[in-house]
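These are my notebook entries on one chain, kept in the order in which I looked things up. I wanted to go through its helices, its loops and the surroundings of its ligand.

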Amino acid sequence: MALVIDGLGFAYPGGPPLFHDASFRVEAGSVVGITGPSGTGKSTLGALLAGDIRPRLGGVTVDGAPLPRRAFRPVQLIHQHPERAVNRTWRMSAVLRESHAVPPETLDRLGIKPEWADRRPGELSGGELQRFCIARALHPATRYLVADEMTAMFDAITQAAIWHRLLEIVRERGLGMVVISHESALLDRICDEQVAVETLR
Ligand SMILES: Nc1ncnc2c1ncn2[C@@H]1O[C@H](COP(=O)(O)OP(=O)(O)OP(=O)(O)O)[C@@H](O)[C@H]1O
């Protein structure tokens with residue numbers, strides 16, 4: 001069981017190729033860090049893994065099956081900027097409901113206060129909003145998570161608490177996880193393996 005890219009090629013329209021023949025795998029139950037200087041393609045790789053953008057060559061498979069185009073995507077991407085990932089006009093209860101009925105226990109473990117459910121995204125801090133995006137990504141059909149600078153807006157103590165709780169849930173469910181981050185101390189602490197994006201090209 002693994003999230004696999006095989007012989008992947010990708011370029012943005014009019015841009016140079018970012019990937020020519022990249023191959024990479026994340027085993028279910030493992031946490032893999034993606035490192036590399038700014039602009040080298042880490043977020044693009046995350047979006048390709050989650051099926052947000054499509055490769056020009058090669059493909060992405062999840063536990064042996066191609067990423068579905070329309071059905072629920074078993075690879076969920078958690079973005080750096082949660083405010084760009086939610087509908088600003090919806091209350092948070094509706095944002096969650098659109099994904100699934102998130103158990104109250106999960107909300108509690110992620111530090112989401114019940115009274116936040118009636119607020120809209122603009123009435124929460126970036127860190128509070130990101131907790132909802134994490135909860136939303138933990139759909140029962142999710143098999144892999146891709147966290148792209150997910151906790152960049154948290155202070156160090158909150159960052160540690162969020163990662164501790166999320167990784168507990170990830171381990172309990174046997175999910176695989178890709179962590180894109182500039183913070184080498186974070187990656188050293190939580191990852192089973194780290195891959196430099198430049199080596200994937
Ligand atoms: N939608 C887009 N259209 C055209 N070019 C893009 C687009 N998104 C990103 N790029 C370019 O692709 C390259 C890789 O960008 P990407 O965001 O994947 O890098 P990154 O390693 O995640 O960078 P950072 O660490 O700064 O977030 C950059 O040169 C960027 O300018």
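Predicted model: local features only at pLDDT ≥ 70, side-chain atom pairs only at ≥ 80, totals over all residues.

I began at Gly-174, which comes just after α5 and takes a positive phi of about 70°. Residue numbers run from 1 along each chain as its sequence is written.

**Other positive phi values**

I then looked for positive phi in residues other than glycine, and found Asp-63 with a value near 50°. Asp-63 sits in the loop that joins β4 (57-62) to β5 (65-66), and it counts as partly exposed because 13 other C-beta atoms lie within 10 Å. My cut-offs are 20 or more other C-beta atoms within 10 Å for buried, 12 or fewer for exposed, and anything in between for partly exposed, with C-beta atoms placed from the backbone. Glu-149, also not a glycine, has a positive phi of about 50° and belongs to the loop between β7 and α5. Glu-149 is partly exposed, since it has 18 C-beta neighbours inside 10 Å.

**Helix α5**

I checked the length of α5 (residues 156-173) next: its 18 residues should span 26 Å at 1.5 Å a residue, and the end C-alpha atoms are 26 Å apart, which agrees. The expected span is 1.5 Å times one less than the number of residues. The buried residues that I listed in α5 are Ile-162, Trp-163, Leu-166 and Val-170. These cover an arc of only 100° around the axis, so they lie on the same side of α5; the arc is that of the directions from the helix axis to the C-beta atoms. On the face turned away from that buried side I found the exposed residues Ile-157, His-164, Glu-168, Arg-171 and Glu-172. The cover over the buried residues of α5 includes α4, β7 (144-148), β8 (176-180) and α6 (184-190), where contact requires C-beta atoms, placed from the backbone, within 7 Å of each other.

I also looked at two further residues of this helix. Ala-156 belongs to α5 and is exposed, because it has 11 C-beta neighbours inside 10 Å. From Ala-156 to His-182, 26 residues apart in sequence, the C-alpha to C-alpha distance is 14 Å. Thr-158, likewise found in α5, is partly exposed, with 15 other C-beta atoms within 10 Å. Between the C-alpha atoms of Thr-158 and Ile-53, which are 105 residues apart along the chain, I noted a separation of 31 Å.

How many of the 12 residues of α4 are buried? I counted nine, so I recorded the helix as mostly covered, under the cut-offs above. Among them are Leu-129, Phe-132, Cys-133 and Ile-134, together with Arg-131 and Arg-136. The cover over the buried residues of α4 includes β6 (75-78), α2, α3 (104-109), β7 and α5.

In α2 (residues 92-99), I found Met-92, Val-95 and Leu-96 buried. They cover an arc of only 95° around the axis, which puts them on the same side of α2. The buried residues of α2 pack against α4 (126-137).

Leu-45 has its place in helix α1 and is buried, with 26 other C-beta atoms within 10 Å. Leaving out residues up to four places away in sequence, Leu-45 touches Ile-34 and Val-197.

Which residues surround the ligand? I listed Tyr-12, Gly-15, Leu-18, Gly-36, Ser-38, Gly-39, Thr-40, Gly-41, Lys-42, Ser-43 and Thr-44, taking a residue as near when its C-beta atom, placed from the backbone, lies within 6 Å. Helix α1 (residues 42-50) gives the most to this shell, with three residues.

Technical notes:
Helix = DSSP H or I, 4+ residues; strand = E, 2+ residues; numbered from the N terminus. Contact = placed C-beta atoms within 7 Å.
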